[in-house]
Amino acid sequence: MKKKLLLTLLTTGILLNTPAAFAAENPFSSVPKDHWAYSAVEKLVQDGLVDGYGDADFRGEKFITRYEMAQILAKAMSNQEKASTDDKNLIEKLEKEYSNELDSMNIRISNIENKLSSFKWFGDARIRYQRNYNNNIHQDNDSGNSSRLQERLRLGFYGTPAPHLSVTGRLKMENTNNNNDGWGNTHDDSGQHNSAYMDLLALSWQQKDTTVSVGRQEVSIGQGIIWWENPVDGIYVTQKFGKNSSLSAGWGDLTAENWKDKSMNAFLANLKVGIDDKTSTTLGYLSTGKSKNNTVDLTHYDSIHDSWTAPYKLKQISYGINRQLFPKLNLLVEGVTNRASDLPSNAQKNGWWSRLTYGKQDWSKANTYNIYADYLSLGNWSTDSTGWGHILNTAGGNGLGCDGEKGFGIGVSYMLAANTNLDVNFYKLRPYDSNYSGFSNYKNSYNVSLAFSF
């Protein structure tokens, strides 16, 4: 509704020069100067709900037509989220008075919109600095801490070539420089992450509450401990149930992010159930294929496979809850277990994470924020700390099958301006089992990220 009203204001010239079949009352007839609508609209102007008009527009000898009054009302309606209770009552009363003019405007805008291209551009950019982001440096390392500086740019497009069909694509370039490995060596990354590549390209068919997507697409599972907003090459089907519930399932290659030179196919599924407007529960699943060609490096010897590497094997089940406790206080808790067969005898298969958030951040509004605190307890085989497909601010340990992680983190996410975000966080972590790993703590992790969307 708001979109049509705003577009109405931008296309007034077109509308005023187009023959019309309006409602019974002439929309270009003047509104009498003693009409209550003048004082009502004047109050909306004074309260800042209508830009570009002053008190003089409603006084003196100038008359306003019904159509002009409806245009002014449309502006106020587009700013209703800022309106007081009294102003909302005035807007509702004005809507009834000028319903015919508003309806006519909407019909005309719908006809114009239907002739416009559905093609849209979108994008985002990010600059971030990280220290010991993947927990590869222990507290007893005297050489220093690992760190890196990254810049990322993503440009996407969206279009609807036909009814029920949409296509989404995105190009990504990510550059890493001043990459200090923590052992006295600094270099710039080369290869795929310094080149532009296709990050997304998917065709989706939607009919009512059913969506089928094919191609490289973003997939999220549960509350994020398994997989979150990362691309997968394959097919994914989602069926919505009611307002806040859905069931999704699909199959695809997890290495669409280009972190591995071999395909790692997996079956993915997610069930979300909205208990009420404040609470949702999730059940997630990810199971990789049985290919023995896909391996990850280990820092501990794998006696089962007689190797310093192990198969990339995940059969993860996650279960989580997200609850809005109070208007500005939210709690998220999610557990995970890896039930893949033939894991090493020392495999720590279970884990969980939690986040308590205070604030009411709105990406479209400056000076809004969230303050959050995390607690993590992740076994070395519970989540993928190598490919890092999850939502966590740390890798989850120093590689799948290595040492896992346990500890806490704090952070703040602040909107410097609309669509401009600064996120700063700190994590103090140790291995999941210090006796097994042979060391007590990782060096502290820091992340500073500046992100923009457009």
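Visitor: What percentage of the 454 residues in the protein is buried?
Guide: Bear in mind that this is a predicted model, where local features need pLDDT of at least 70, side-chain atom pairs count only at pLDDT 80 or more, and totals for chains, interfaces and linings use all residues. Residues are numbered from 1 along each chain as its sequence is written, and side-chain values use heavy atoms, leaving out hydrogens and water. Buried means under 20% relative accessible area, exposed over 50%, and partly exposed in between (1.4 Å probe, protein chains only). Across the 454 residues in the protein, the buried ones come to 45%.

Visitor: How many helices and strands does the protein have?
Guide: Both are DSSP runs numbered from the N terminus: helices are H or I with at least four residues, strands are E with at least two. Counting them up gives seven helices and 21 strands.

Visitor: At what angle do the axes of α3 and α5 cross?
Guide: Axes are lines fitted to C-alpha atoms, for helices over the stretch in contact, and angles run from 0 to 180 degrees between N-to-C directions. Helix α3 covers residues 36-46, helix α5 covers residues 85-97, and their axes come within 10 Å. The crossing angle is roughly 140°.

Visitor: And how many nonpolar, polar and charged residues are in the contact of α3 with α5?
Guide: Contact means heavy atoms within 4.5 Å. On the α3 side the residues include Trp-36, Val-41 and Lys-43, and they meet α5 residues including Asp-87, Ile-91 and Glu-97. Sorted by class (Ala, Val, Leu, Ile, Met, Phe, Trp, Tyr, Cys and Pro nonpolar; Asp, Glu, Lys and Arg charged; the others, Gly among them, polar), the tally is eight nonpolar, no polar and four charged.

Visitor: Is Asp-384 buried or exposed?
Guide: Asp-384 sits in the loop between β18 (369-378) and β19 (405-417). Beyond its neighbours within four places in sequence, its contacts include Trp-259, Leu-314 and His-390. Its relative accessibility is 4%, so Asp-384 counts as buried.

Visitor: Which residue's side chain makes a polar contact with the side chain of Asp-384?
Guide: A polar contact is a pair of N or O atoms within 3.5 Å; within protein, one must be able to donate a hydrogen and the other to accept it, and residues adjacent in sequence count only if both atoms are side-chain atoms. The side chain of Asp-384 reaches the backbone nitrogen of Thr-386 at 2.9 Å. Side chain to side chain, at 2.6 Å, the partner is Tyr-312.

Visitor: Which strand holds Gln-217?
Guide: Gln-217 is buried, with a relative accessible area of 8%. Its side chain reaches the backbone oxygen of Ser-213 at 3.2 Å. The strand, residues 210-221, is β8.
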